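Thanks for coming. I have one structure to go through today, so let me put it on the screen.

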Amino acid sequence: MAARLAPAQDGEATTDAKDSFLLDQSNPLGFFKALHRGFGARLAAPVQWEQVQALLQQAFDAFERNVAEPADCGGAVACHGGCAACCAIRVAATAPEILLIARTINDLPKRLEIEGKIIDADRMTRRLDPQQRMLAGLVCPFIEQDLCVIYPVRPMACRGHASFDQRACAEAMAGRAGDVPISALHLTVRSLVQNSMQSALRDAGLSWANYELNQGLQIALADNSCEARWLAGEDVFASALIADVSLAEMAETFDAIKAVDL
Ligand code: SF4
């Protein structure tokens, strides 16, 4: 366990004055449960968008705080502004993430241009499986001059993919064999933060699945009633569902974790 990670107290992840959750790597379930409780407290009915936005900020902060120190991650990650080597993979996002990105796009001067890129990207990739899609090398519609134009609100999936070797990323994206050394801590924290958020959304009666980002954004950008309908409990992004993992199995796992008495 890395030195900067605070020890758990009473079997839970710790919080500081800013309500920032810190992972004790020997107690990931405690981290999940503490996050779940914090997210759940933000979702008092009737849920308003402001609550969801605060929840997302809390999730992003919790993630970034736990991967901030290279020593905790096993070294300095190679990802940096100007490298978009991996930004051609399928991106999965939850409904709040899609809705937040849609809001961000709506405020951009290039809104229509970006929306056109999203539609084009979806048209070229929808029938491809994740491997085919990566090898197709079609960059994400949010890349401009190798920078992500929605970087501050990028999904958890993008945050959780951190490489130690930029050249290995480029080789992998070109279809050449070889492992990309990635940060296990980023993957772990992303999974714990995202899953605890999904569990809290489920408990609040909101749709909580993962959706393909470009398909979800087209839905959100085409109909500005999406946000209100999602807040009312409708699964507005159902047609963009990513069903790699059964939702029933995920729900069962969430319930089992919540029932664990730590
Ligand atoms: S949303 Fe941003 S970080 Fe994620 S794949 Fe697209 S360009 Fe890359």
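A word on conventions. Residues are numbered from 1 along each chain as its sequence is written, and side-chain values use heavy atoms, with hydrogens and water left out. As the model is a prediction, local features need pLDDT of at least 70 and side-chain atom pairs count only at pLDDT 80 or more, while totals for chains, interfaces and linings use all residues.

On confidence: pLDDT is the predictor's confidence in each residue, from 0 to 100. The protein's mean is 89, with 92% of its residues at 70 or more. Residues 1-18 stay under 50, and the model has 42 contacts for them beyond four places in sequence, a contact being heavy atoms within 4.5 Å. Where pLDDT is low, the predicted coordinates should not be read in detail.

Next, cavities. On a 1 Å grid over the protein atoms alone, a cavity is a set of points where a 1.4 Å probe fits but cannot get out, and lining residues have an atom within 4 Å of a point. Points are joined across faces, edges and corners, and the volume is the space filled by probe spheres set on them. There is one cavity of 30 Å³ or more. The largest cavity has a volume of about 110 Å³. Of its 14 lining residues, I89, R133, C140, P141 and N214 are the closest to the centre. The lining divides into ten nonpolar, two polar and two charged residues.

Finally, two backbone points. Which residues does a cis peptide bond join? They are A45 and P46, with omega about -5°. Q145 is not a glycine, yet its phi is positive, about 50°. Most residues other than glycine have a negative phi, and most peptide bonds are trans. Q145 is placed in the loop between β4 (143-144) and β5 (147-148), strands being DSSP runs of E, at least two residues, and helices runs of H or I, at least four, numbered from the N terminus.

Methods: On a 1 Å grid over the protein atoms alone, a cavity is a set of points where a 1.4 Å probe fits but cannot get out, and a pocket is an open set with protein on both sides within 12 Å along at least five of seven lines; lining residues have an atom within 4 Å of a point. Ala, Val, Leu, Ile, Met, Phe, Trp, Tyr, Cys and Pro count as nonpolar, Asp, Glu, Lys and Arg as charged, and the others, Gly among them, as polar.
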